[in-house]
Amino acid sequence: MPRPFALICSLLALLLAVPAQADPALDSFARDVDRTESLRAVLTLQRSYAQYAQAGLWREAGALFTSGGQFIFDGQVKAAQTVTGPGAIAAFLRTRYGGGHEGLRAGDLSTMMIDAPLANLSAGGESAKVRWQAIIFHGHSGAARIEGGVFENDYVRERGVWKIATAHYYPQYDGAYEDGWTNWGGGDLPIPPAHYTVESAGIPIPPATGTAPAARASLAALQKRVDALNEEDRIRNLQAAYGFYADRRMWDDVVDLFAADSVVENGGQGVWRGKAGVRRWLESIGPAGLSHGQLNDRVQFDVTVTIAPGGNEAYARGIELGMLGEADQEKGWWEVAAFRNRFVRENGVWKLRELRRFPLMKTDIFQGWGKSRIVDPVPAPPNASDAPSPDAAPASQGLAVPAFLTAHPVTGKAIALTGEARLVAAHPLTGAIRSVKAAPVTLDEARRRLARSAAWDGANNVSTAYGYYIDDGNAAGFAGVMAEKGFKETPFAGYYIGRDRIIKARVSGPVPQMRPGISYHWLVQPVILVSADGRSTTGRSRLFQPRTGREVGKAGDFYAAAFWGGMYNNQYVLENGVWRIWDLTLDEPYINPVAWKDGVWAKSKDPVPPPPGTPQRVFTGGNFPPDVPLKSMGRREEGMRGGIGPALEWPSIMPMWFNYTNPVSGRVPERYQEDCGPCEVRPDLRLDRNGYQTPPNAPIANSSP
């Protein structure tokens, strides 16, 4: 070997033997990225469980567990049933919810809506705990049941793969559809154990301990991962905003969300192309706006999101529960669908490119899915589709299941269906979307962007914690998650300002250990807009509110088999390292149900006016009057109980407020809450007057970076 070449080889070997220069800042950042990704991987795991269950894929659901994983059913009201291992868990689920068989058959339903996660990653980052709400619509061979309860689950990372270690499900209500449900066991309900406190609920990802391991990725590679987290937030916001506009038949706003070359495929009915086609499809549902007695709620659950490597393309897949009605005609329907939507980023702005939804079940509310299955007619001109649906045959039978977004998160294998269902929407209906290369950023900028995704998670976490504390009758808990100077609306009365004052106003006596019923507070389908520095957010969440009691109940019973609904337009802040609620503003009830046998909402009637001279009911709200009465807030509370003017109640259509403008067009809604709920009468409560940034409006938040 020539001496110069040998010398070069020796120098190269020496250089390779010398460790790269340590970069503690990059190492720490890489660990923080991994921890944020881990929290989301855990949530995706459980959402995948729900999506597999909807398709009757019990083996795939069981495979999400560790080899020694456990599914524990009850243990509070009745003796615990414990099954161990993926195969045994799959068999238990298949028997209880799947009619004893794998996959879907015509007439089957096994839709599990599992949402409202309250998640906490461990300090070491290798395990996590999450609380979930669950409601299950299931039935086979002409039967139909509704069941619901709470999960307290443990997750663990094994050799880099997140798995379910223990799923502990506490059933709280159950019943045959034709009868309605009652409390599980028939008596009062105990409070399930909780893994969180008012402090930890606001810290989904605790500070890491010890020295960070050496980073295995460059700053550029880490930036791509952070950008994917940020884009996921934007897609979740856009998907949720679409749902809120669709609820109210705000067709102009819905169309604004679509790209010019977009398509809609409504399974079995056809394909509509372009914005004009989108509008025709919407008009086939009904004219814009809601009229007296119309209910068009389409609640989204278990949404999973993927961002394509090129950065300009994304997908969202989830479950849609349709709560539909024409009360003036005494009609109502349930609808369950699965969707798989495609998004495109154009000039930095995310838009809907393909909306593809596939109804699995639609039923008459008086009969239920065991006795009634409805197939909507194909829309006729002028709202006819531009092309037939490529998946019309299985869709017409409720057997079209849109393709899953990824391979199985544990086994890594592609998901295939069994039974009679068919996998659809596996390939795009529109052309390729070009990729883009992100401009490089500094480590400080990458940290700022990561903080914004951590803020999204933190705000959502403390939001769901509030709901769980209310469900448990724990006033000190729901007041404890408020910021020190935060303020909370008490329904129909007004706002109490300051955490200590909220506690004094609402806490009276110890937390009850048993409850005669539960009025659930699922805070779901969030649209969360984060400030530039990641220390404050706005948040709009749906109040999905099933209720249960010892009896099925009748109209007017507080605890009964019923559904209510409302809308939160909140603000959140990072206070001393803990996410807290700054402003809690609730508009309700948008559904005011009747007895189960009367179709839940289908036979609702306008309330009978009180006799002349009857004093108006005054809602006190707590142990003393509120600091900001709703009547002082003028138009913001017009038409609401406790506000000015006559209160509108279902089946009248209550006013709907939004705390953001259209994420694509910037269209301003008819009722736009520009800042906090009471800020017009109390501007001193604004975020920017209390050391926090005002989060950007939706069009800015929907733009990258």
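Trainee: Where does Ala 194 lie, in terms of the strands and helices around it?

Mentor: Keep in mind as we go that this is a predicted model. Ala 194 belongs to the loop between strand S8 (189–190) and helix H5 (219–247).

Trainee: What is the relative accessible area of Ala 194, and how should I read it?

Mentor: The general idea is that a residue under 20% is called buried and one over 50% exposed, with partly exposed in between. Ala 194 has a relative accessible area of 42%, and therefore counts as partly exposed.

Trainee: Which residues is Ala 194 in contact with, leaving aside its neighbours within four places in sequence?

Mentor: With those neighbours set aside, Ala 194 is in contact with Arg 131 and Glu 152. As for Arg 159, which is 35 residues away from Ala 194 along the chain, the C-alpha atoms of the two are separated by 28 Å.

Trainee: Turning to charged side chains, how many salt bridges does the count come to?

Mentor: The idea is to look for a side-chain nitrogen of Lys or Arg within 4 Å of a carboxyl oxygen of Asp or Glu, and by this rule the count comes to 53 salt bridges. One of them joins the side chains of Arg 40 and Asp 457, with 3.2 Å from N to O. That pair links distant parts of the chain, since Arg 40 sits in helix H2 (residues 24–54) and Asp 457 in helix H9 (residues 443–471), 417 residues apart.

Trainee: Are Arg 40 and Asp 457 buried or exposed?

Mentor: Arg 40 is buried because its relative accessibility is 7%, and Asp 457 is buried because its value is 9%.

Trainee: Which side chain does Glu 265 meet in a salt bridge?

Mentor: Glu 265 meets the side chain of Arg 356, at 2.8 Å from N to O. Because Glu 265 lies in strand S9 (residues 258–266) and Arg 356 in strand S14 (residues 349–364), the pair ties together parts that are 91 residues apart in sequence. Glu 265 is buried, at 0% relative accessibility, and Arg 356 is buried too, at 4%.

Trainee: How do S9 and S14 run, parallel or antiparallel, and how do S9 and S10 run?

Mentor: Strands are paired by the bridges between them, and here five bridges join S9 to S14, the two running parallel, whereas four bridges join S9 to strand S10 (residues 270–273) in an antiparallel arrangement. Val 264 shows both pairings, standing opposite Leu 355 in S14 and opposite Trp 272 in S10. S9 and S10 form a hairpin with three residues between them, and in the turn Gly 268 has a positive phi of about 85 degrees.

Trainee: How many of the nine residues of S9 are buried?

Mentor: Seven of the nine are buried, so S9 is largely enclosed by the rest of the structure.

Methods
Residues numbered from 1 in each chain as written. Predicted model: local features only at pLDDT ≥ 70, side-chain atom pairs only at ≥ 80, totals over all residues. Heavy atoms only, no water. Buried < 20%, exposed > 50% of the residue type's maximum accessible area, 1.4 Å probe, protein only. Pairing = 2+ DSSP bridges. Contact = heavy atoms within 4.5 Å.
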